[in-house]
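Reader: Could we go through this structure together? I would like to ask about one feature at a time.

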Amino acid sequence: MPKVVGIDESILKRATCRQCGAINEYMPKEVRVLWSGTDYGGGPDGAEGFNCANCGEHVITKRW
């Protein structure tokens, strides 16, 4: 059975919350689809990201 002996910090990324200014450090697996749909013209509209650890607002890492 595998055993965790630590975390490789080279995969960690950082993003700043636009609401409170907190710098969040996150792992790529923590990113999820925040919303997905279509815009007024019928094209795709959505975002990926996570919730800020300080204020709970959405921190967007990718938008389409």
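Reader: Is Asp45 buried, partly exposed or exposed?

Author: Asp45 is partly exposed, because its relative accessible area is 23%. Buried means under 20% relative accessible area, exposed means over 50%, and partly exposed lies in between (1.4 Å probe, protein chains only). Please note that this is a predicted model, in which local features need pLDDT of at least 70 and side-chain atom pairs count only at pLDDT 80 or more, while totals for chains, interfaces and linings use all residues. Residues are numbered from 1 along each chain as its sequence is written, and side-chain values use heavy atoms, with hydrogens and water left out.

Reader: Which side chain does Asp45 meet in a salt bridge?

Author: Its partner is Arg63, at 3.6 Å from N to O. A salt bridge is a side-chain nitrogen of Lys or Arg within 4 Å of a carboxyl oxygen of Asp or Glu. The two residues belong to distant parts of the chain, 18 residues apart: Arg63 is in strand β5 (residues 58–63) and Asp45 in strand β4. Strands are DSSP runs of E with at least two residues, numbered from the N terminus. Arg63 is exposed, as its relative accessible area is 53%.

Reader: How many salt bridges does the structure hold?

Author: It holds two salt bridges. Besides the pair of Arg63 and Asp45, Glu25 forms one with Arg14, where the closest N and O atoms are 3.5 Å apart. Glu25 lies in strand β2 and Arg14 in strand β1 (residues 13–16), so this pair ties together parts that are 11 residues apart in sequence.

Reader: And how accessible are Glu25 and Arg14?

Author: Glu25 is partly exposed, with a relative accessible area of 47%. Arg14 counts as exposed, at 63% relative accessibility.

Reader: Let us turn to the sheet. What is the order of its strands?

Author: The order is β3-β4-β5 in an open sheet of three strands, with antiparallel pairing. Two strands pair if DSSP finds at least two bridges between them. Strands β3 (32–38) and β5 stand at the edges with a single partner strand each, so one side of each has no neighbour in the sheet. On average, neighbouring strands of this sheet are turned by 30 degrees against each other, direction ignored. For such angles, axes are lines fitted to C-alpha atoms, for helices over the stretch in contact, and angles run from 0 to 180 degrees between N-to-C directions.

Reader: How many bridges join β3 and β4, and how many join β4 and β5?

Author: The antiparallel pairing of β3 and β4 has six bridges, and that of β4 and β5 has five. Ala47 in β4 stands opposite Trp35, and its bridge partner in β5 is Arg63. Phe50 has Val59 as its bridge partner in β5.

Reader: What lies between the strands in the two hairpins?

Author: The hairpin of β3 and β4 has five residues between the strands, and Gly42 there takes a positive phi near 95 degrees. In the hairpin of β4 and β5 there are six residues between the strands, and Gly56 takes a positive phi near 85 degrees.

Reader: Back to Phe50: why is its pair with Tyr26 called tilted?

Author: The ring centres of Tyr26 and Phe50 are 4.6 Å apart and the planes stand at 40 degrees, so the pair is tilted. Rings of Phe, Tyr and Trp (its six-membered ring) pair if their centres lie within 6.5 Å; planes under 30 degrees apart count as stacked, over 60 as edge-to-face and the rest as tilted. The count by this rule is one aromatic pair. Tyr26 is in strand β2 (residues 23–26) and Phe50 in strand β4 (residues 44–51), 24 residues apart.

Reader: Are those two residues buried or exposed?

Author: Tyr26 counts as buried at 9% relative accessibility. Phe50 is buried as well, with a relative accessible area of 7%.

Reader: One last topic: how many disulfides does the structure hold?

Author: It holds zero disulfides. A disulfide is a pair of cysteine sulfur atoms within 2.5 Å. Cys20 is in no disulfide, and the nearest cysteine sulfur, that of Cys52, is 3.8 Å away. Cys20 counts as partly exposed at 34% relative accessibility, whereas Cys52 counts as buried at 4%.

Note on methods: Helices (H or I, at least four residues) and strands (E, at least two) are DSSP runs, numbered from the N terminus.
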